[in-house]
Amino acid sequence: MERRFGLHFDPVTETLPLIGSKEGLAHLPFAVVNPGDATIVPEPGYQAYLGGSILAGADPYIAALRPENDFLLELEQVPEAVLRRAKLVFVNYPNNPTAAVATPAYLERTVAICRRYGILLAYDNAYCDLTFDGYRAPSIFEFPGAREVALEFFSLSKSFSMTGWRIGFAVGRPDLITALTRVKSYTDTGPFLAVQKAGAAALDQAEAIVAPIRAELEARRDAAVSALRDAGFTLEAPKAAMYLWVALPAGTTSAAFAKRAIEGTGTVVLPGSAFGPAGEGFFRIALTVGADRLRIAAARLGRTLQELHRGALAPAT
Ligand SMILES: Cc1ncc(COP(=O)(O)O)c(C=O)c1O
């Protein structure tokens with residue numbers, strides 16, 4: 001935290017190793033929410049927020065991430081009654097699946113609203129290292145008052161390609177770290193020490209390890225964005241994360257498009273509706289294969305798009 005963001009935290013009382021950040025995010029509601037309390041969950045969004053809320057007996061309020069809001073979860077647009085009942089909100093930028101990034105002004109107002117209503121801000125920063133075009137993703141703790149209300153989650157899965165190792169960590173107020181530790185003490189007892197040591201070694205060499213991963217993803221992003229544009233799709237080049245969130249023509253159901261793409265061209269995309277109704281109208285591409293295969297996939301998806309224009313795909317009902 002100090003090297004990456006210039007922020008000091010006590011390693012014993014203010015940080016907690018996790019078996020991947022997903023584990024911590026999904027366990028968090030058990031630590032801080034009582035049955036019936038509201039949580040605020042973005043849609044489309046990472047499913048551990050919703051699953052963890054439901055497993056803990058909370059009452060999740062679904063906040064739609066919309067293109068007209070730059071896919072930002074705007075607490076100002078959440079009904080006042082929900083804000084009063086909410087104990088926890090999950091916020092994730094750079095975002096999965098939309099690849100949106102948050103402006104400083106957005107993060108400032110989000111922290112301010114959480115302070116006003118006493119809502120814990122779970123800031124999921126899994127993609128903070130995967131940034132392009134010189135963009136730098138901040139820690140939530142760079143914003144005034146965040147130490148009072150935020151718990152930040154980091155993952156070594158993306159930055160260091162350590163997904164299968166299952167290692168991440170949480171940072172924040174000692175009482176929140178203690179609460180999450182208590183839940184974990186009943187469920188998992190923490191990550192295998194050898195994996196923690198491997199994670200520490202990776203973090204010690206972070207700058208050197210991350211730079212080529214970031215460069216490779218940026219090259220894949222550039223290849224996929226331009227190939228998708230050539231294939232007839234309209235999309236912005238995202239500044240971060242490892243996804244493209246691609247709009248479909250109005251009225252096309254994303255599941256029908258994804259089914260046609262796999263059946264007709266052998267190309268797998270994730271339909272936006274897999275993230276819930278607010279994800280409809282988009283599909284997600286993960287930049288998990290090289291530029292050449294992404295170009296081939298984009299051309300094939302273009303063929304599916306043309307079929308759509310010719311009316312070969314059922315429109316939305
Ligand atoms: C937004 C987001 N948060 C958290 C995670 C979890 O990462 P891990 O549990 O591997 O650290 C992911 C993984 O895809 C993710 O997309």
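## Exposure and the model

A residue is called buried when its relative accessible area is under 20%, exposed when it is over 50%, and partly exposed in between, as computed with a 1.4 Å probe on protein chains only. By this rule Leu55 is exposed, with a relative accessible area of 67%. Leu55 belongs to helix α3, and its C-alpha atom is separated by 35 Å from that of Ala250, 195 residues along the chain.

The structure is a predicted model, in which local features need pLDDT of at least 70 and side-chain atom pairs count only at pLDDT 80 or more, while totals for chains, interfaces and linings use all residues. Residues are numbered from 1 along each chain as its sequence is written, and side-chain values use heavy atoms, with hydrogens and water left out.

## Helices α2 and α3

Helices (H or I, at least four residues) and strands (E, at least two) are DSSP runs numbered from the N terminus. Axes are lines fitted to C-alpha atoms, for helices over the stretch in contact, and angles run from 0 to 180 degrees between N-to-C directions. The axes of α2 (residues 21-32) and α3 come within 7 Å and cross at roughly 35 degrees.

The crossing of α2 and α3 is right-handed; a crossing has this hand if the near helix is turned clockwise from the far one by less than a right angle, and is left-handed if anticlockwise. On the α2 side, the contact (heavy atoms within 4.5 Å) is made by Lys22, Leu25, Ala26, Pro29 and Phe30, and on the α3 side by Ala48, Tyr49, Gly52, Ser53 and Leu55. Seven of the residues in this contact of α2 with α3 are nonpolar, two are polar and one is charged. In this classification Ala, Val, Leu, Ile, Met, Phe, Trp, Tyr, Cys and Pro count as nonpolar, Asp, Glu, Lys and Arg as charged, and the others, Gly among them, as polar.

## Two partners of helix α12

Helix α10 (residues 206-230) and helix α12 have axes that come within 8 Å and cross at roughly 20 degrees. This angle makes α10 roughly parallel to α12; the label applies under 35 degrees, whereas over 145 is roughly antiparallel, 65 to 115 roughly perpendicular and the rest oblique. The crossing of α10 and α12 is right-handed. Arg220, Ala223, Ala224, Ala227 and Leu228 of α10 make the contact with Ala291, Leu294, Arg295, Ala298 and Leu301 of α12. The contact of α10 with α12 has eight nonpolar, no polar and two charged residues.

Helix α11 (residues 254-265) also approaches α12 (residues 291-309): their axes come within 10 Å and cross at roughly 120 degrees. That angle makes α11 oblique to α12, and the crossing of α11 and α12 is right-handed. Phe257, Arg260, Ala261 and Thr265 in α11 meet Arg300, Leu301, Arg303, Thr304, Leu305 and Glu307 in α12. The residues of this contact of α11 with α12 comprise four nonpolar, two polar and four charged. Leu308, also in helix α12, is buried at 12% relative accessibility. The C-alpha atoms of Leu308 and Phe257 are separated by 8.1 Å, although the two residues are 51 places apart along the chain.

## Nonpolar cores

In soluble globular proteins, nonpolar side chains tend to be buried together. A nonpolar core is here a set of buried Ala, Val, Leu, Ile, Met, Phe, Trp, Tyr and Cys residues joined through side-chain atoms within 4.5 Å. The largest such core has 53 residues, and those with the most contacts inside it are Ile40, Leu73, Leu75, Val89, Tyr93 and Ile140. Helix α5 (residues 104-117) gives the largest share of this core, six residues.

Leaving aside residues up to four places away in sequence, Leu73 touches Ile40, Pro42, Ala63, Leu65, Val89, Phe90, Tyr93 and Tyr106. Another core, of 32 residues, lies apart from the largest one and includes Ala99, Leu130, Ala241 and Leu301.

## Backbone features in the loops

Two peptide bonds are of interest here. The bond from Glu43 to Pro44 is cis, with omega near 0 degrees, and Pro44 is found in the loop between β2 (38-43) and α3 (47-55). A cis peptide bond also joins Tyr93 and Pro94, with omega about -10 degrees; Pro94 is placed in the loop between β4 (86-91) and α5.

Ala99, found in the loop between β4 and α5, has a positive phi of about 65 degrees although it is not a glycine. Thr189, in the loop between α8 (174-187) and α9 (193-204), is likewise not a glycine and has a positive phi of about 70 degrees. Ala99 is buried, with a relative accessible area of 5%, whereas Thr189 counts as exposed at 73% relative accessibility.
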